[in-house]
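Me: Hi! I have a structure open and would like to talk it through with you. Could you take a look?
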Amino acid sequence: MSENLGAAVREICQACGNNRVRMMDIVRAVQAKFGCVCGEAMDLIAKEVKAHRVEVQSVVSFYSFLSDRPKGKIVIRLCNDVIDQMHGADRVEQAFCEELGIRVGETTADGRITLEHAPCIGMCDQAPAALVNDVVVTQLSADGARELSRELKQHMTPQKLVRTYGDGNNAHELIRAMVHNNLRGPGPIIFGPINRAEALSKALSMSPAEVIRAVKTSRLRGRGGAGFPTGMKWEFTRGAKGERRCVICNADEGEPGTFKDRVILTERPDRVLAGMTIAGYAIGADEGILYLRGEYAYLRPFLEDVLQKRRQDGLLGNNILGKGFDFDIRIQMGAGAYICGEETALISSCEGLRGDPKNRPPFPAQKGYLERPTVVNNVETLCAVTKILEHGPGAFAEHGTSGSSGTKLLSVSGDCSRPGVYEVEFGMSLRDVLRLVGADDAAAVQVGGPSGQMVGPADYDRKIEYDDLATGGSVMVFGPQRNVVEVVDKFLEFFVEESCGYCTPCRVGNVLLKERIEHILAGKGEPTDLEYLQELGETVKTMSRCGLGQTSANPVLTTLKNFRGAYEQLIPGPSNGFQPTFDLAAAVGDAEAVIGRKSEHAHA
Amino acid sequence: MSDMIQITIDGREIEAQPSQTILEAAQNKGVYIPRLCYMKGLIPHGSCRICTVMVNGRPQSACTTPVAPGQVVENNTDKLMALRKNIIEMLFVEGNHYCMYCEKSGNCELQALAYRFGIAAPKYPYLFPQRDVDASHRDVLIDRNRCILCGRCVRSSRDVDGKHVFEFVGRGPEKRVAINAEAKLSDTNLEVRDAAVEACPVGAILKKRVGYAVPVGQRMYDHEPIGSDVEAGAAK
C-alpha cells in the first residue's frame, strides 16, 4: 500500500510539474485515488513540491471535499440548505441513514459508502438533491433514496443512477446528467443565440483601449453581487504594473439559492470563454483560469471539450484568429468552500493555498494571482461582455435602468410554482418577479441569498437593481407557513460552516449569533436579546475582514428590521416575574449525574 | 523630506512616510491604536481586527492599510472603542482563558487589553471549547486553550526563523494552529530561542521552567496599561 501510495503520489505531482501552485489539483487527485490525503501522502506531496508537510495539511483541512481520514469509495453529499429542507431533505436523509445503516458523517462498516451533508450544491430548483461522488441526483424522495442506496450497494457505480437525462446539453454525451435547466425565462442577452467567433473577432479588430471603452459605455456592472463597473476594473488592471496579467472567471457560485451559472455553463459555455478571451485581450493577459466549484465537477469534461474545440478553431491558444494575440484558459477545480467565491480567496485557491481571502489593498487589479494584475469576473458578467461586443454598447444599455444596464439572471427557488432561471430586465419590481414565478402568497423573500436581505410584502414594490434590491441572482421565496427565525438559524449554520476563520468577528461572532437565535427558538429568549443581536450583528458586519463576514449578519439584521414580530412572538412574556433564560435543570445536570439524585429546586 | 505625506487621525494632522501603514504612522507620533495580531517586524496579518479604524468613513485594519495623502482616520471614537471591546470579549469566550493561574498573567497582551478596555466579564456566553495541550517538547509547551489565532508564531517561524514549524489548519470555528509534524511538537525542529516562541502574545506558547519567575508588581503590565509606552512617545 505504502509503496503504491508513494509511486502514485509521485506520478500525480509530476503530472502537475511538481508545482506547488497546482496543489489543489494534486490533493484532489490523491483524494480521488485513495479516498483521503493521509499523513503519509502529505509528507510525500510536501517532498515532491518542496513544501512543508503542514502547508499541505493546511490546504487539505480547509476544503470540505478533502479529508485526511479515509472516506468511502462513494461519498453521498446530501444538500441540506434551507430550500432542500423545505422540500423534504430531512426525510430523504432519514431514508439514507436507515438503508445504509449509518448516520450523517459516517462510513458504512465495509468502508464503501460515506454519507455527508453539503451546503447548497446549486440544485435548489430541483431539490432535494445530492451529489454521489461527482454525479448529481435530483428531486429525491424518501423512497427514491432507499432505492438509490440499495442499487448503489450492488453496483457501486454512481453514473448508473442516472436513468433519464435532463434537457438541452444535460443530455450531451460528456455531461449525461439528470439535471434540468429549468430555464423559464430566457432573455435577449445571456441566452440569445450565439455565434462563437463574432464578439471575439470584433474585439480583436479594435484596440484594447477601444474594447474597454465599449464595456464602459455599456455601463456593465459585475453580476456576482458587488456590482463594480466592469470596464473600470479592466482599465485598472491594464494600467497596473506587471509583466504578466491574468483573467479569472468566477464559476464558484456557492451562495445558497444560486444556480444560474450552472445553466450558463451548460448552455452557453462559448459565451463565457469568449468573454474571458476578450477580457484577456483588453487587459493584456496571456492566461485565463475558469474556477469551477467542486460541486459542478460533472460539467468539467464537457467544458474541457469546449475549450479544446476553441483551440482547434483558432479561438484560443497562440495567434488567435490570426491576429497575433496569445491566450489560453485552464480550469481550476474547487473542492467545497463557499468562501472561494470571494475573489481574493478564489485567487488564494488558484495559487494552491487555503481559501483565505487576502488583505486589501493591494487589490487584485494591482496584485492578484501570483502577484500579477488580475481581473476576476463573474460568469454572467463575461457573457454580457460578448453581447456588448456583438451588438454594441448602446444596444446593451437600452435594457435595464440607467444605474443598472442590461438584464439579470435570477435563480428562483422555494415556495413558488415555477422555480428556475429567469433573465429579467433590471428594474423589474419584486412583485412582478413573484407573479412571474408563481409565488402570489409569498410571506418573505430572501433576495441575494443569505448574505442579501430578507424582505416582506411591504417591500415588494422595490426593484431588482444595484441601487435598490441588489442581488447576485438568488431569490428564495418563503410562504406564510415558514418561520423566518428558523430560516435565519439555517443561514447562520451555513456561515459558521463556511467562515474561513481568519478574522475574529466572523469566526466567533457568527457562532454567537447562532447561539442566541437557537436560544430564542427554544423559547428561552428575553426582550433584551433583540438588542443584543442587533449590536452583535453590527459588530460582525463592521469589523469583519471580507465580504463573507461583512454580510453574514444580514439575515439577522434584516429580519430584525422587517420581521420583528416573528421574534417577538417567540419571546414569552415574563411569568411570575421570571424570565426563562436560565435553565437551572440543565445547569445542574452534570452535578446531578455525579451525585446520583435530582435537585429538588431545579425540577420544581 | 519632501516625500512625506499628510494624514489626519482624530482631527490631528500627522506626517507619515509613504511606505508606512496607518498603524505605524500613528505609533510614530505617539498615537496608540490597540492591536493584537500585529507585531513589529512581521508581515501584518489583519486578522484580530482590533486595530480597525475608519478610513475616509470605511472600516479598515490599521495594520494592513498603507497611508495615503489626505486620508482621514478615526481611531479613538466611542463607536470604535465599543466595537473593539466586543472583539476582545469574543476572543475571551472563544477560548479557555483562566488568568488567575496562567503563567502569562501580567505579561499577556489579551489580558492587558481587557484591562485597558475595562472589561470585567464578557457579555457573551463562554463557548468552552475542547482544546489540547502539547508538552512533548523539552523546552516549550503549547496550550491551545489560550490560542487566539493571531498567527504571530506562524509568521515568526516562517519569516524570521525560516522553519515553518506552525501553520493554520481547519476553517471557521475549527481553525487551529498545527505543527509541522505528524503528532508532537518534539518532532519539529523548534528551538527555545526561536522568534516564534517569543512571538505569542498570550500564554499559548510558553517556555518551560521559567513560569512565575517575575514577581507580581514587576510584570510588564502591572502598573501602566498596554499602549502606554506608545503614548509616552507623544510626550517627548
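Me: Let's start with Ile339(A): is it buried or exposed?
Reply: Buried. This is a predicted model, and in it Ile339(A) counts as buried because it has 30 C-beta neighbours inside 10 Å, where 20 or more is the cut-off.

Me: Where in chain A is Ile339(A) found?
Reply: Ile339(A) is in a loop, the one between β9 (325-333) and α14 (343-350) of chain A.

Me: And which residues does Ile339(A) touch, leaving out those up to four places away in sequence?
Reply: Ala345(A), Gly355(A) and Pro357(A) are among them, and so are Glu498(A), Cys500(A) and Leu548(A).

Me: Zooming out, how many helices and strands does chain A have?
Reply: Chain A has 24 helices and 15 strands. The radius of gyration of chain A is 25 Å, close to the 25 Å from the globule rule for 604 residues, so chain A is as compact as a globular protein of that length.

Me: Nice. What box do its C-alpha atoms fill?
Reply: Along the principal axes, the C-alpha atoms of chain A fill roughly 90 × 65 × 50 Å. Of its 604 residues, 57% count as buried. Taking contacts in chain A with a separation of 6 or more, 71% are between residues 24 or more positions apart.

Me: How is chain A divided into domains?
Reply: The assignment gives domain 1 (2-60), domain 2 (75-163), domain 3 (193-393), domain 4 (407-478) and domain 5 (484-570). The C-alpha centres of domain 1 and domain 5 of chain A lie 38 Å apart.

Me: Now the two chains together. How many residues of chain A are in contact with chain B?
Reply: 30 residues of chain A are in contact with 30 residues of chain B. On the chain A side, α4 (53-60), α17 (484-498), α18 (504-521) and α19 (528-543) each supply at least two residues. The largest share, eight residues, comes from α18(A).

Me: What about the classes on that side of chain A?
Reply: There are twelve nonpolar, twelve polar and six charged residues on the side of chain A that touches chain B.

Me: What are the confidence scores like?
Reply: The model scores ipTM 0.97 and pTM 0.95. For chain B, the mean pLDDT is 96, and 98% of its residues reach 70 or more.

Me: Last topic, strands in chain B. In which sense do β3 and β4 of chain B pair?
Reply: Antiparallel: β3 (residues 52-55) and β4 (residues 58-61) of chain B pair over four bridges, with Met54(B) opposite Pro59(B) in β4(B). They form a hairpin with two residues between them, and Asn56(B) in the turn has a positive phi of about 45°.

Me: And which way do β3(B) and β5 of chain B run?
Reply: Those run antiparallel too, with two bridges joining β3(B) to β5 (residues 72-74) of chain B. Val55(B) has Val73(B) as its bridge partner in β5(B).

Terms used:
Residues are numbered from 1 along each chain as its sequence is written. Chains are lettered from A and ligands numbered from 1 in the order in which they are written. This is a predicted model: local features need pLDDT of at least 70, side-chain atom pairs count only at pLDDT 80 or more; totals for chains, interfaces and linings use all residues. Domain bounds come from an automatic or database domain assignment. Two residues are in contact if their C-beta atoms, placed from the backbone, lie within 7 Å. Ala, Val, Leu, Ile, Met, Phe, Trp, Tyr, Cys and Pro count as nonpolar, Asp, Glu, Lys and Arg as charged, and the others, Gly among them, as polar. pLDDT is the predictor's confidence in each residue, from 0 to 100. Two strands pair if DSSP finds at least two bridges between them. The radius of gyration is taken over C-alpha atoms; the globule rule is 2.2 Å times the number of residues to the power 0.38. A residue is buried if 20 or more other C-beta atoms lie within 10 Å of its own, exposed if 12 or fewer, and partly exposed in between; C-beta atoms are placed from the backbone.
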